[in-house]
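Hi,

Here is the structure I promised to pass on. Have a look at it first, and then read my notes below.

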Amino acid sequence: MRARLFDVTVASQIRAQSGGQSGIDTFYDKGDWQFSEHFKSIHFTTYLMATSLLLPASYLGGCIAAMSAFSYVYRRATATSEVEPWFGPNIEKEQYIALLNSTTTVPEHHLRAALLRRAVAGVKRLVHIQQEKPPLQQLLRTGSVGDDLSRQFNIAEQETMAELQEIVAEANTYKEGWGQTIFTTAAQMVEHEKQKVILDEMKTRKEEEERLAKLNAEREERDGKDRQEREAEKRERESQRAADELLKQEEVEKKSKTKK
Amino acid sequence: MPSPSTMTELLYEPTFDSESSKILCQAHSSEICRKCNVDWSEHNALAESLKPSNGELPPPNAPNLPRNAQVNRLREEGNKNFKSGNFPEAIKFYSMALEVSSSRPLWEPLAFQFIKEELSPVLSNRAAAYMGMKNFVDALVDAEAVTKLKREWSKGWFRKGKALAGLGRTEEALDALNIGLGFDPDSEELKKAVEEIKS
C-alpha cells in the first residue's frame with residue numbers, strides 16, 4: 001500500500017511540474033501502476049516458489065526412494081531364487097557316476113548296466129520333453145502360462161540333450177559304436193518295462209477280483225437267506241391267522257348251539 | 001557341517017560285494033537301504049542279466065529266435081488241447097508259454113514286440129479256457145491284460161465283456177464290449193455278445 005501511495009504522490013508531483021498535460025499524465029499514471037504491480041508479483045512468486053515447491057519435490061523424492069528401495073530388495077530376492085527343476089533328481093545318472101568313482105573295483109558289466117539304465121532314464125526324459133513341447137508352446141502363445149515356465153522348460157530341454165550326448169560319449173568308451181545303438185536298446189526297454197508292469201499287475205488284479213467276487217457271492221447268499229426267512233415268517237403269520245379264524249368260528253358255533 | 005550335496009555323495013557311496021556280485025550301500029551293506037536312501041535292486045537285476053556276456057549287448061535288431069520258437073511251440077500245444085476240450089491241460093501250456101515269454105531280459109532285442117504279439121493270443125485263449133471251466137475271475141484278469149497289451153485288438157474286449165457277463169456284472173460287460181466295437185465296428189462276435197447280454 002505504501003508503494004502505491006508513493007507512486008501516486010510522485011505522479012501528482014510530475015503532473016504539477018508538467019502543467020497538467022492530460023496525455024502524459026495518464027501515461028505515467030498507468031505506467032507506474034503496472035510497474036508497481038509487477039514488482040509486487042515478483043515478490044509473491046518467489047515466496048510461492050519457496051514454499052509450494054518443497055511439498056511436491058519431497059513427495060516425488062519420497063516416491064523415487066521407495067521405489068528404488070523396493071526394486072533393490074525385490075531384485076535381490078528374485079535373483080537368489082533358483083529355477084524350479086523340470087525333472088526330479090536323475091538317480092540313474094548319479095548311480096552311474098557313483099559306481100565310476102567307487103573306491104572298490106566295480107566289474108565292467110555293472111558299469112555297463114548302470115550306463116544302460118542311465119540311457120533308459122534319458123530316453124524317458126526325452127519322451128517327456130517331446131510330448132510336452134507342443135502343448136506348452138500353444139499355452140505360451142495364448143498367454144496362459146508365464147515366461148518362467150518356458151524358461152524352466154528350455155533349461156530342461158538343453159539339459160536332456162546334453163545328458164544324451166554325454167551318454168553316447170560314455171558308451172563309446174566301452175565299445176566303439178555302442179553310442180549309436182544304446183538308445184534303440186533303451187527305447188525298447190522302456191516299452192518292455194511297461195509290459196512287465198502289466199503282467200506283474202495281473203497277480204494283484206486277481207486278488208482284487210477274487211475278493212470282489214467273494215463279496216458279491218456273500219451278498220447274494222445273504223439276500224437269499226433274508227428272502228427265505230421273510231417267506232418263512234410270512235407263512236407262519238398266515239397259519240396263525242388261519243388258526244385264530246378257526247377258533248373264532250368254533251366259538252361262534254358253540255354260542256349258537258348254547259342259544260338253541 | 002557338510003553341505004547337502006556332499007552329504008548325498010557320501011550316502012551314495014556304493015561298494016561292490018564280490019560274493020553276491022551285487023552293488024550295496026557301503027555303510028550298511030544292503031541293496032535297498034532306507035537310511036542311505038538308495039535302491040540298487042533294479043540295477044543289480046539288470047547287471048545280473050548282463051553278466052554272462054560281460055555287459056556286451058546284442059545289436060537291437062537281432063531277436064532271440066530260439067525263445068520265440070519255444071513260445072510258439074507251447075502255444076500250439078495249448079491250442080491243440082483247447083480244441084479237444086481239455087481246458088486244464090490247455091491252461092497249463094498257455095501258462096508255460098507266458099512264463100517263457102515274460103522271462104526275457106529287459107534288454108532283449110525287439111522283446112516288446114514279441115511279447116505283444118505272442119502274449120495277446122496266449123492270454124486271450126487262456127481266458128477262453130478259464131471261461132470254459134466257469135472260472136470267470138481268472139478269465140477276467142487275463143482278458144484285462146490282453147486289452148492292456150494290445151488295446152486295439154477287439155478280441156481282448158470281447159473276452160473281457162464275456163468274463164464280466166459271466167460274473168453277472170452286465171453294465172461293465174457292455175462298457176467293455178462297446179470299447180471293442182469302437183476299435184472294430186464290424187465285429188460280428190461283439191455285436192452278438194451285446195445282444196445276448198441285452199436280451
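Starting at the N terminus, the elements of chain A run α-α-α-α-α-α-α. That makes seven helices and zero strands in chain A. Helices here are DSSP runs of H or I with at least four residues, strands are runs of E with at least two, and both are numbered from the N terminus.

Before you go further, a word on what you are looking at. This is a predicted model, where local features need pLDDT of at least 70 and side-chain atom pairs count only at pLDDT 80 or more, while totals for chains, interfaces and linings use all residues. Residues are numbered from 1 along each chain as its sequence is written, and chains are lettered from A and ligands numbered from 1 in the order in which they are written.

**Chain A**

Of its 260 residues, 12% count as buried. For burial, the count is of other C-beta atoms (placed from the backbone) within 10 Å of a residue's own: 20 or more is buried, 12 or fewer is exposed, and in between is partly exposed. Among the contacts in chain A with a separation of 6 or more, 64% are between residues 24 or more positions apart. Two residues are in contact if their C-beta atoms, placed from the backbone, lie within 7 Å.

E250(A) sits in helix α7 of chain A. E250(A) counts as exposed because it has 10 C-beta neighbours inside 10 Å.

**Where the chains meet**

How many residues of chain A are in contact with chain B? On each side the count is 33: 33 residues of chain A touch 33 residues of chain B. On the chain A side, α4 (91-100), α5 (108-142) and α7 (178-259) each supply at least two residues. α7(A) gives the most, with 17 residues. Sorted by class, that side of chain A has 11 nonpolar, 12 polar and 10 charged residues. The classes are: Ala, Val, Leu, Ile, Met, Phe, Trp, Tyr, Cys and Pro nonpolar; Asp, Glu, Lys and Arg charged; the others, Gly among them, polar.

**Chain B: domains and cores**

The domain assignment of chain B gives domain 1 (15-50) and domain 2 (65-198); such bounds come from an automatic or database assignment. Taken over C-alpha atoms, the centres of these two domains of chain B are 38 Å apart.

The largest nonpolar core has 39 residues, and those with the most contacts inside it are Y94(B), A127(B), A139(B), L140(B) and A163(B). By nonpolar core I mean a set of buried Ala, Val, Leu, Ile, Met, Phe, Trp, Tyr and Cys residues joined through C-beta atoms within 7 Å. Two or more residues of this core come from each of α3 (65-83), α4 (87-102), α5 (111-132), α6 (136-149), α7, α8 and α9 (188-198) of chain B. The largest share, 11 residues, is from α5(B). Leaving out residues up to four places away in sequence, A163(B) touches A127(B), M131(B), F136(B), A139(B), L140(B) and A143(B). Apart from this core lies another, of 29 residues, and its members include A119(A), V120(A), C25(B) and W107(B).

**A helix pair in chain B**

Helices α7 (residues 154-166) and α8 (residues 170-183) of chain B pack at an angle of about 170 degrees, with their axes 8 Å apart. α7(B) is therefore roughly antiparallel to α8(B) (angles over 145 degrees count as such). The axes are lines fitted to C-alpha atoms over the stretch in contact, and angles run from 0 to 180 degrees between N-to-C directions. By class, the contact of α7(B) with α8(B) has nine nonpolar, four polar and two charged residues.

T170(B) is in helix α8 of chain B and counts as partly exposed, with 13 C-beta neighbours inside 10 Å. Not counting residues up to four places away in sequence, T170(B) touches A165(B) and I197(B). T170(B) and K198(B) are 28 residues apart in sequence and 8.6 Å apart in space, C-alpha to C-alpha.

**Two loop residues**

Most residues other than glycine have a negative phi. L110(B), in the loop between α4 and α5 of chain B, has a positive phi near 60 degrees. K134(B), in the loop between α5 and α6 of chain B, has a positive phi near 65 degrees. L110(B) is partly exposed, with 18 other C-beta atoms within 10 Å, and K134(B) is exposed, with 9 C-beta neighbours inside 10 Å.

Cheers

How values were computed. Angles under 35 degrees count as roughly parallel, over 145 as roughly antiparallel, 65 to 115 as roughly perpendicular and the rest as oblique.
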